[in-house]
Amino acid sequence: MEQVKCECGHVNPIGTVLCEACGKPLEEVPMLLDMRYEGSARRSQTYNQTIVDKIWNFFSSVKVGIWLIVITLVASAIGTIYPQQMYIPPTVSPAEYYEQQYGWLGKWYYALGFHDLYSSWWYMLLIALIGVSLVICSLDRVVPLYRALNNQRVTRNEQFLQRQRLFSRAQATDYETALRHVVDKLTKRGYRIREENGNILAEKGRFSRWGPYVNHIGLIIFLIGAMLRFVPGMYVDENMWIREGEIKEIPGTKGKYFLENKKFIFEVYEKEKEKEAFQPAIDRVGSGMMAKNYQTDVVLYERVGPVVAGEEPKLKRIKSFSIRVNEPLKHDHYALYQVDFKLDELKNMSFHLTDKQTNKSFGTITIDLIQPEKEYDLGNGYKVQLLSYFPDFYFDENGNPNTRSKVPNNPAFVFKMFAPDRPKGEVSFTAIRQTIEPLGDNKYKMSFAGIETRNVSALTVRRDFTLWILGVGGAIFMIGLIQGMYWNHRRVWIQRINDEVLVAAHTNKNWFGLKKELEGIFNDTPFVMPIDQADKRS
Amino acid sequence: MKEKRFWLRTVILAIMLAAIGYTIYSNVFVEKRAIQVGDSAPDFVLTDLNGNKIQLSDYRGKGVFLNFWGTWCKPCEKEMPYINSQYNVYKNEGVEVIAVNVGEAKVTVQTFVDRFQLTFPVVIDQQDQVMNAYNIGPLPATFLIDKEGKIVDIITGTMTEEDVKKYMERIKP
């Protein structure tokens with residue numbers, strides 16, 4: 001029992017509401033026909049036998065699809081309540097951070113994966129299930145719809161015609177001549193005419209019905225593109241901080257490429273330097289308040305020979321480039337974008353070794369804050385040893401000096417100062433605006449003599465082989481959307497039954513447009529313009 | 001007809017399930033995609049505090065306990081003494097420790113090493129090259145490498161002395 005035979009002789013799949021061929025209702029239906037999917041049998045509604053069918057039918061439901069979308073939307077909204085993981089300080093563990101900051105809510109936020117929503121397994125599962133729902137919903141509807149539109153006959157069942165929203169019935173006088181006239185006009189309007197025993201089916205814009213499905217194909221391609229980002233080598237998204245003067249490996253290139261930062265430039269709009277026309281605008285925000293340019297002048301190198309991490313690389317210069325915002329350095333499908341910067345990071349710090357009493361200096365040492373020396377010899381028996389170095393100094397919970405990171409944000413030193421009259425040396429703890437002499441009063445001190453700074457630039461490293469797939473998916477998505485939105489599928493049936501002319505018309509959208517068009521076609525013919533039966537009833 | 005429909009549906013569902021499974025598996029259940037358990041450990045050369053070159057590939061035939069650390073990282077500080085004492089037990093059984101500092105100043109590292117009297121080689125990854133190769137995120141991170149140079153396990157987070165012992169036992173040749 002998988003088929004239903006209509007009185008017109010056509011055999012329909014079970015679950016069909018309106019006969020695919022003649023349109024006769026096969027079930028109890030309301031006065032006006034619901035023409036969605038042409039009354040065809042959505043396959044989900046019919047077979048429900050195996051577990052595979054049950055899973056299939058679950059996803060075939062539009063209701064399920066909409067719920068999946070709603071749940072995803074709600075989850076996304078919740079994900080904006082507290083900051084995402086990438087925005088919390090990188091030095092703290094997220095497990096502790098969320099609980100400390102937001103209490104038990106924060107704890108659950110973290111535990112459930114809301115802190116890194118797009119990477120949490122259940123969020124990805126939701127997106128994937130939407131994808132599954134999309135595929136199955138579409139397949140289950142497009143195939144029967146195609147069958148129904150392909151099998152439709154010119155001559156329809158009377159019930160089908162009179163239950164269309166636009167319908168009229170009149171006495172047939174001089175039918176043949178009038179019909180020729182109408183067919184002529186319909187053809188001019190772009191309708192394709194099929195004729196059968198003096199009955200007419202005029203149809204145009206059927207391809208508009210495929211719009212939603214084309215759109216869904218685009219979406220699926222888009223999702224596949226997004227999925228391919230997880231395939232190794234398809235997608236690289238890394239960050240690098242590079243100081244002026246540094247040569248560093250570019251992360252994500254597997255040790256193949258190196259970058260040198262020659263200079264980082266930050267410019268603002270200044271009153272004196274800009275043209276007359278810009279003066280009022282600069283006045284409004286204040287001179288020097290608006291950024292004009294962020295730029296890193298770099299040199300790109302390629303490593304020659306085998307890659308052994310950590311080994312001093314042999315480098316071949318490839319090119320120099322000025323990276324600016326939206327003007328990335330591109331090479332070998334990699335792109336380096338300007339994303340962030342830090343001005344005036346400490347580079348060197350200088351100190352005089354001085355006698356506290358007389359203020360006499362016995363020499364100056366300059367300390368490289370990235371790689372300080374162990375010992376600085378000043379000659380004549382004066383020297384300074386560096387016992388400890390804390391680039392980012394603070395006192396930890398035990399009261400000991402410690403460092404927060406390896407970045408010289410707040411350098412502190414433990415010096416041992418030697419002089420001819422202090423051969424065993426004196427120990428001094430020196431930080432910015434702070435000196436501690438842990439072992440009693442010293443004769444000498446390290447007095448601050450100056451600093452040198454440099455800028456640090458942050459770059460994003462991108463390599464994306466999925467972009468074109470996303471582009472193709474997006475384009476198909478738009479084509480489907482336009483196809484479904486800007487064209488209407490319009491049909492007009494004209495049929496003579498006994499001595500009456502029946503005219504019915506249907507469109508999948510824009511009834512107003514169809515009525516306007518039909519007025520133009522029927523106004524000077526003996527046929528009666530079909531009446532909107534939906535209006536009549538209300 | 002019925003048969004055909006069943007197989008068609010099964011195949012479509014199976015393809016979609018495979019795609020979803022792969023995506024979620026590769027993204028969530030594999031730590032940091034660039035390097036995984038089962039891969040062979042990327043070779044590297046770094047210089048230790050005494051100026052000796054340490055190359056990973058020279059350690060074939062031994063188990064290597066590769067630890068990434070920084071002096072500011074409290075959990076690293078906590079587990080260093082454990083690693084040190086277990087190293088003294090397991091070095092006679094063919095397990096070596098290489099502690100890679102994440103590019104701090106030599107003075108800072110030396111102070112730390114002296115304070116805890118670490119006896120295993122401590123190298124400094126001055127240019128982040130080794131960190132990139134091993135895709136190091138938060139510290140500490142430990143890689144267990146067996147005698148064939150394969151990564152047996154990747155541990156992020158603090159270890160107790162018991163853990164350290166257990167891990168060294170695993171890579172004993």
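In chain A, strand 22 (residues 490-497) and strand 23 are joined by eight bridges and run antiparallel. Strands here are DSSP runs of type E with at least two residues, helices are H or I runs of at least four, and both are numbered from the N terminus. Two strands count as a pair if DSSP finds at least two bridges between them. The structure is a predicted model, so to speak: local features need pLDDT of at least 70, side-chain atom pairs count only at pLDDT 80 or more, and totals for chains, interfaces and linings use all residues. Residues are numbered from 1 along each chain as its sequence is written, while chains are lettered from A and ligands numbered from 1 in the order in which they are written.

Within this pairing, A:Arg496 sits opposite A:Val501 of strand 23. The hairpin made by strands 22 and 23 of chain A has two residues between the strands, and A:Asn498 takes a positive phi near 55° there. Strand 23 also has a partner in strand 3 (residues 166-171) of chain A, again antiparallel, with six bridges. Here A:Ser168 faces A:Val503 of strand 23. Strand 23 (residues 500-507) of chain A has seven of its eight residues buried, so it is largely enclosed by the rest of the structure. A residue is called buried if 20 or more other C-beta atoms lie within 10 Å of its own, exposed if 12 or fewer do, and partly exposed in between, with C-beta atoms placed from the backbone.

Zooming out, chain A is split into domain 1 (3-149), domain 2 (166-201 + 488-537), domain 3 (206-233 + 465-486), domain 4 (235-344 + 458-463) and domain 5 (349-451). These bounds come from an automatic or database domain assignment. Domains 2 and 4 of chain A have C-alpha centres 68 Å apart.

UniProt, in an unreviewed entry, puts a "domain: ResB-like" feature at residues 62-428 and 441-519 of chain A. UniProt positions follow the numbering used here, feature names are shortened, and annotations may be inferred rather than shown by experiment. The 441-519 span of chain A is 37% helix and 47% strand, with its end C-alpha atoms 107 Å apart. The unreviewed UniProt entry also marks "transmembrane region" at residues 64-82, 121-143, 213-231 and 465-487 of chain A. Of these, residues 121-143 are 100% helix and 0% strand, and their end C-alpha atoms are 33 Å apart. Residues 213-231 of chain A come out at 84% helix and 0% strand, with 28 Å between the end C-alpha atoms.

Now for chain B, which is divided into domain 1 (1-30) and domain 2 (45-171). The C-alpha centres of these two domains of chain B lie 42 Å apart. Chain B has an open sheet of five strands in the order 5-4-3-6-7, with mixed pairing. Its edges are strand 5 (122-124) and strand 7 (151-156) of chain B, each pairing on one side only. Strand 6 (residues 141-145) of chain B runs antiparallel to strand 7, joined to it by five bridges.

Finally, the two chains meet through 37 residues from chain B and 38 residues from chain A. Contact requires C-beta atoms, placed from the backbone, to lie within 7 Å. On the chain B side, helix 1 gives the most, with 13 residues.
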